Amino acid sequence: NGNGKLPKELELAVELGVLVNIDSEFDLENIRQAAKNVGKAARVLIRINPDVDPEVHPYVSTGLAGSKFGIRNTHLQWFLDEIKADPERLQLVGVHCHLGSTISKVRIFKDAAELMVGYVARIRAAGFADLQFLNIGGGLGIDYERQGAVLPSPKDLIDTVRGALGGLGLTLVIEPGRSMVATSAVLAATVTGVKTNGAKDFVVVDGSMAELIRPALYDAYQHIELTAPSDGEVKEFDVVGPVCESGDYLGKGRALPTPAPGAGLVVMDAGAYCMAMASTYNLKMRPAEWWVAGGELRQIRRAEALEDHL
């Protein structure tokens with residue numbers, strides 16, 4: 001999947017029989033060429049944007065008409081004609097859509113499914129009777145604020161779209177990634193110190209936007225706690241890192257006991273989009289990772305050092 005798949009990646013996908021989403025006219029041509037080079041037909045899906053607003057941050061909204069992802073829906077027939085004209089290299093097996101990320105309302109998937117059913121009917125009417133898959137995407141949110149919100153589960157997603165898809169004879173594919181892994185990890189940091197600028201109080205930690213960019217990039221909320229009880233005065237703090245950016249924060253306006261230097265602090269629900277998006281920006285080296293199982297703590301990735309970077 002993706003809007004910028006490279007020729008070598010496509011050749012490997014075709015060789016291994018991986019399903020490949022068609023994202024644009026040039027992507028179709030690249031897939032066709034990869035299939036020719038490999039000598040096998042590519043099993044393809046067409047990525048369609050149902051133009052349903054997922055009601056999330058615009059950076060993680062991916063299924064609107066103005067998105068950089070997916071074909072131009074007005075040119076659907078052109079794509080179908082191109083695929084039909086080259087059956088030796090292109091085998092259309094399904095359709096795909098993905099609305100966005102951190103979606104909290106399951107009805108949004110029902111709206112998308114109903115629109116995708118219409119596209120399936122159009123494609124079948126154009127002579128593609130052998131469609132096998134409808135990938136409805138994913139992007140389910142979690143309770144990042146830790147306020148007890150009940151958010152849709154993968155099962156809720158399936159149950160919501162099941163009715164709309166009844167009788168289509170397609171295999172339903174969903175992508176529940178974040179909702180399954182986000183709660184599996186925390187970003188653990190150490191407090192460097194506490195400061196004030198007269199109008200605002202800050203907890204400065206050794207973690208930063210380089211390790212966890214979601215708050216800075218998406219203005220996202222992730223719950224923050226100290227790792228041990230504290231009798232420090234409770235104040236409202238911005239929790240910030242040492243990177244040379246005013247946008248380098250992990251949380252704003254958080255009520256926390258005033259921590260002492262060296263105190264532990266964790267940003268919750270960092271199992272998705274923390275290390276996966278971590279960087280060495282501002283010469284911040286990526287941190288170690290630790291695995292907790294059966295009450296035991298085991299290092300599974302060492303921290304990077306400056307020597308590694310050099």
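## Accessibility and an aromatic pair

Buried means under 20% relative accessible area, exposed means over 50%, and partly exposed lies in between, with a 1.4 Å probe and protein chains only. This is a predicted model, where local features need pLDDT of at least 70, side-chain atom pairs count only at pLDDT 80 or more, and totals for chains, interfaces and linings use all residues. Residues are numbered from 1 along each chain as its sequence is written, and side-chain values use heavy atoms, leaving out hydrogens and water.

You will find one aromatic pair in the structure (ring centres of Phe, Tyr or Trp, the latter by its six-membered ring, within 6.5 Å; planes under 30 degrees apart are stacked, over 60 edge-to-face, the rest tilted). The ring centres of Trp78 and Phe79 are 5.0 Å apart and the planes stand at 90 degrees, so this pair is edge-to-face. Trp78 has 36% relative accessibility and is therefore partly exposed, whereas Phe79, at 0%, counts as buried.

## Charges over rings

Two arginines deserve a look here. Arg214 lies over the face of Tyr144, 4.3 Å from the ring centre, and Arg254 lies over the face of Tyr221, at 3.8 Å (NZ of Lys or CZ of Arg within 6 Å of the ring centre and within 35 degrees of the ring normal).

## The six-stranded sheet

Six strands form an open sheet in the order β8-β11-β6-β7-β9-β10, with mixed pairing. Strands are DSSP runs of E, at least two residues long, numbered from the N terminus, and two of them pair if DSSP finds at least two bridges between them. β8 (224-226) and β10 (249-257) each have a single partner strand, so one side of each edge strand lacks a neighbour in the sheet.

β7 (201-205) and β9 (234-240) run parallel over four bridges, with Asp201 bridged to Phe237 in β9. β9 also pairs with β10, here antiparallel over six bridges, and Lys235 stands opposite Leu256 in β10.

## The largest pocket

The largest pocket has a volume of about 750 Å³ (the space filled by probe spheres set on grid points joined across faces, edges and corners). A pocket is an open set of points on a 1 Å grid over the protein atoms alone, where a 1.4 Å probe fits, with protein on both sides within 12 Å along at least five of seven lines; lining residues have an atom within 4 Å of a point.

Its lining counts 26 residues, with Val186, Leu187, Ala288, Glu289 and Trp290 nearest the centre. β6 (187-196), β12 (289-293) and β13 (296-301) each supply at least two lining residues.
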